[in-house]
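Biologist: Can you take me through this one? I have the sequence and the model open.

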Amino acid sequence: MDKKIADYLIENPSLIKPGGQLKKVTIFFADITGFTSIAEKDSPEKTAKILYTILNSFTEVIIRNDGVIDKYIGDCIMAFWGAPFNTDRDETNACRAALQCIESLHEINKSFQREGIPEIAIRMGLHSGNAIAGNLGSDRLFDYTVVGDTVNLASRLESANKLFKTEVVVSEDTLKNTGGIFFTRELGLTEVKGKTMPINIFELISEGKDIHSDKREMVEIFHQGLAFYKEKKWQEAIELFNKILLKYPEDGPSEFYKKRCEYLMSNPVL
């Protein structure tokens, strides 16, 4: 059990009884990209070392930013903010932790490179909303965790990185409580499996406004292209996405929307 949770439950023993309370939380999922392939190629000992190094580093980052480690699911780590106690900085701390995990991974990859280990990539998803938090499980075994639609949605956002070839996807529900201190790129309304209504999602890029001018210009052009896309001006949008791809051929969101525009031009909705 996370030490923060253990200390809190010791001070509040009434919370140890099974059950839960409705809490506003921010959920964080991080998953190592292509870990199955890594495990197939390397020995169990080497795979375990890679996994331990990354999860240990991310755990320290999350705890340093006042998050609670919920569980490790293979090569995935789940954490949350807002339970059993919440602050007005939960969303900010969660976003900051995600960015610091990326920085930490860069340093880890440098050491891996010296050992001949291929570069590791990560995907993260963050979402805020209501969830049931408490001691959940059975009479024999239970732990303090969070469950509900908010948790499921955060997991879906982590998977959405595959679609856009991004590292961190965060929901508008999380960003709106961060005071605008993060530099982001809108990725548009996305239908998430299991949800009846699409949600607006963003790529979390950095903290603060100190962004390289080229990156800022690229995001501005992308937003113009996204605006044309929303207005169903497919050709105008494609021209802007192509402009980005000429300079940044690996930019996943531009590639995604370019292909989407081309599809819609070839298959107009009657």
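Modeller: Let us begin with leucine 175, which is found in helix α6 (residues 172–175). Helices (H or I, at least four residues) and strands (E, at least two) are DSSP runs, numbered from the N terminus. This is a predicted model, where local features need pLDDT of at least 70, side-chain atom pairs count only at pLDDT 80 or more, and totals for chains, interfaces and linings use all residues. Residues are numbered from 1 along each chain as its sequence is written, and side-chain values use heavy atoms, with hydrogens and water left out.

Biologist: Why does leucine 175 count as buried?

Modeller: Leucine 175 counts as buried because its relative accessibility is 13%. Buried means under 20% relative accessible area, exposed over 50%, and partly exposed in between (1.4 Å probe, protein chains only).

Biologist: What is leucine 175 in contact with?

Modeller: Cys95, Val170, Thr184 and Phe202, leaving aside its neighbours within four places in sequence. Contact means heavy atoms within 4.5 Å. The C-alpha atom of leucine 175 is also separated by 9.3 Å from that of isoleucine 201, 26 residues apart along the chain.

Biologist: On to threonine 47. Which helix is it found in?

Modeller: Threonine 47 is found in helix α3 (residues 44–64). Threonine 47 counts as buried because its relative accessibility is 10%. Not counting residues up to four places away in sequence, threonine 47 touches Phe35, Ile38, Ala39 and Asp42.

Biologist: Strands next. How many residues of β4 are buried?

Modeller: Twelve of the 16 residues in strand β4 (residues 122–137) are buried, which makes β4 mostly covered.

Biologist: Which strands does β4 pair with, starting with β1?

Modeller: Strand β1 (residues 19–32) pairs with β4 in the antiparallel sense over 14 bridges, and phenylalanine 29 stands opposite glycine 125 there. Two strands pair if DSSP finds at least two bridges between them. Strand β6 (residues 168–171) pairs with β4 in the parallel sense over three bridges, with valine 168 as the bridge partner of methionine 124. Strand β5 (residues 142–147) runs antiparallel to β4, joined by six bridges. A hairpin of four residues connects β4 to β5, and asparagine 135 stands opposite tyrosine 144.

Biologist: And β3: how many of its residues are buried?

Modeller: Six of the six residues in strand β3 (residues 76–81) are buried. Cys76, Met78 and Phe80 point one way, while Ile77, Ala79 and Trp81 point the other way.

Biologist: What is the bridge partner of isoleucine 27 in β3?

Modeller: Phenylalanine 80 is the bridge partner of isoleucine 27. β1 and β3 run antiparallel and are joined by six bridges. Phenylalanine 80 is also the bridge partner of valine 68; strand β2 (residues 68–73) pairs with β3 in the antiparallel sense over five bridges. β2 and β3 form a hairpin with two residues between them, and glycine 74 in the turn has a positive phi of about 65°.

Biologist: Last topic, helix packing. At what angle do α7 and α9 pack?

Modeller: Helix α7 (residues 213–230) and helix α9 (residues 252–266) pack at an angle of about 25°, with their axes 11 Å apart. Axes are lines fitted to C-alpha atoms, for helices over the stretch in contact, and angles run from 0 to 180 degrees between N-to-C directions. α7 and α9 are therefore roughly parallel to each other. Angles under 35 degrees count as roughly parallel, over 145 as roughly antiparallel, 65 to 115 as roughly perpendicular and the rest as oblique.
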